[in-house]
Amino acid sequence: MPIVVACFKWVVDEAYIRRGAGGALDLSSVDYKIGEYDRNAIEEAARLRDAGGGGSVIGVTVGAPDSAKGVKDGLSRGMDQAFFVSDPSFKDLEPSQTAAILAEVIRTRIPQYDLITCGEGSSDLYAQQVGPRLAELLGIPCVCFVQKVSLEGGKLVADRRVEDGIEVVEAPLPALVTVLPDINTPRIPGVKDTLMAGKKPVTTVKKEELAGSFEGTLKTEAMTASSLERTGEKLAADAAGIARFVDSLRKSGVIR
Amino acid sequence: MAGIWIIAETREQALELLEAGRTLAPDMGAALTAVVRKVAGPPEDYIARGADEVLLLAELPPEAPFGAHLPVIEQEAKTASPDLILFIASARGKEMAARLAARLGAGLCSGCTALAFDKGSGSIRMERLAYGGAAIQKLTSSAKPVIVAVPPRSFEPAQAVDGRKGKTRELPSPPPSAVRVLERKPKEKVAKDITEARVIVCAGRGFDKKEDLALARALADALGGELGATRPLTEEMHWLPEDLCIGLSGVQVKPELYVGLGVSGQIQHMTGVRGAKIVCAVNRDENAPIFPLSDFGIVGSLYEVVPKLIAELKK
């Protein structure tokens with residue numbers, strides 16, 4: 001009966017990001033969500049638990065105290081319990097810092113586990129580093145970009161997608177996988193799931209309870225809004241609109 | 001002397017990274033070292049294209065993944081202490097870059113879209129996209145080493161120069177890897193490479209069923225282009241192969257013309273077409289986010305508009 005650790009992050013929903021004055025990043029009206037890719041990591045952990053006839057899914061997240069909403073959200077998506085590593089300074093961590101904190105918590109608080117699942121990247125930074133870094137810090141095998149995984153006899157077998165095809169690999173447990181979005185379809189929590197989530201155990205870990213300084217390695221000098229905006233001329237679907245559309249394409253020289 | 005390393009799985013990757021390294025080396029006063037697989041071409045070729053030193057990775061047993069080289073690379077990097085290590089952000093490259101970064105306690109800028117050395121401050125300046133492409137993150141590092149993974153085709157292949165000299169050294173075989181490859185299934189090349197396409201017609205969620213994609217294909221044919229897709233179509237519906245998925249986590253394209261049919265315009269997707277010369281849209285929702293991100297678009301059902309467009313194009 002597998003014990004699976006699912007890592008996830010409570011992130012800004014990028015759909016609400018606006019471009020402010022002078023290209024500044026306007027986060028004033030943003031909402032938050034569990035990272036899209038992390039939902040697959042949680043779902044896969046739950047699937048492996050159920051396929052293994054029991055066991056449990058332990059969610060772990062690192063964030064500022066207001067990420068508490070994300071912990072409850074994660075618990076409604078199939079996790080049995082959660083570790084919430086929380087500090088006001090854990091707001092804009094680098095992937096190296098997040099990985100180091102996760103490693104310290106897993107090492108000291110989760111004595112036994114079979115597998116760690118991570119999304120292929122976070123929805124905000126999408127640096128795709130935390131999974132493989134975490135595996136190295138814990139000294140366990142790592143298989144990234146997995147689209148299928150099963151556990152059997154102390155090993156995992158996984159299909160990992162690389163540019164030239166699929167590598168079917170095996171690795172001894174405990175190990176870490178990062179999963180691709182098409183590995184499963186994450187559940188959409190219902191009312192019952194949300195109610196149940198409130199009753200599941202959450203262990204909050206404070207920064208002071210962890211050994212280590214978790215210094216960053218790179219410096220973010222600026223985070224500015226990118227500009228994808230174009231002229232945005234809207235035409236009607238009538239004969240005049242169609243003619244103007246095709247005419248504009250011809251004039252711009254993109255159709256021959 | 002300062003050092004720049006490039007670590008590559010293939011010759012193609014090595015040449016792009018050599019170009020990147022060769023551009024930075026003079027200002028950094030750095031020697032350029034290519035860490036490449038022995039089977040990926042003769043070392044003299046890399047030397048001619050800018051490498052001062054070539055470190056040849058030992059041949060691996062068939063069951064070993066590329067990541068098996070990591071302990072040897074780590075050891076060499078600790079000894080040589082390069083300032084900058086460059087990877088291509090392929091699946092294997094990204095994984096190895098992150099694992100090496102953890103082992104060296106180094107910073108890693110993944111998906112790096114701009115890379116420069118600032119002589120004044122002696123720091124490396126990097127840019128990358130964040131928040132699904134809604135933001136540009138600017139990073140610096142003055143600690144060494146800094147590891148950078150650049151997307152494929154960010155740099156032209158380095159050209160050979162006559163009379164260049166360099167050293168070559170063979171690296172020892174790595175210890176057995178915990179991860180073993182049981183089988184390699186090469187990709188069936190079903191789809192054309194849309195990264196090279198001049199015109200792309202992209203199908204989105206606005207299509208009701210798979211058969212209807214014939215409409216998108218017909219428009220692509222009329223425009224002399226290729227078919228692309230948004231992520232839901234490749235990864236949720238599995239209507240089209242994943243190679244055609246355009247976006248931050250799929251392929252990034254630079255066509256002269258992009259036409260989104262029934263594409264809502266999520267930022268992750270639109271980031272993948274930021275290099276397009278002209279972006280057009282057909283969507284029945286006049287408030288769809290794709291319109292402000294397009295040069296022009298038609299508000300209407302793609303089922304009505306596309307046949308009319310094809311007819312107009314044939315005039």
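I searched for cavities and got two of 30 Å³ or more. My rule for a cavity: on a 1 Å grid over the protein atoms alone, it is a set of points where a 1.4 Å probe fits but cannot get out, with lining residues having an atom within 4 Å of a point. Points are joined across faces, edges and corners, and a volume is the space filled by probe spheres set on them.

Housekeeping: this is a predicted model, where local features need pLDDT of at least 70 and side-chain atom pairs count only at pLDDT 80 or more, while totals for chains, interfaces and linings use all residues. Residues are numbered from 1 along each chain as its sequence is written, chains are lettered from A and ligands numbered from 1 in the order in which they are written, and side-chain values use heavy atoms, with hydrogens and water left out.

**Largest cavity.** I noted about 300 Å³ of space here. Its lining has 24 residues, with A:Lys9, A:Asp38, A:Thr98, A:Ser122 and A:Val130 nearest the centre. In chain A, S6 (56-63), H3 (95-109), S8 (115-119) and H4 (130-138) each give at least two lining residues. Helices (H or I, at least four residues) and strands (E, at least two) are DSSP runs numbered from the N terminus.

**Second largest cavity.** I got a volume of about 30 Å³. Which residues line the second largest cavity? I found A:Phe245, A:Val246, A:Leu249, B:Leu219, B:Leu223, B:Val259, B:Leu309 and B:Leu313. H6(A) gives the most, three residues.

Definitions and conventions:
1 Å grid on protein atoms, 1.4 Å probe; cavity = no way out; pocket = protein on both sides within 12 Å on 5 of 7 lines; lining within 4 Å.
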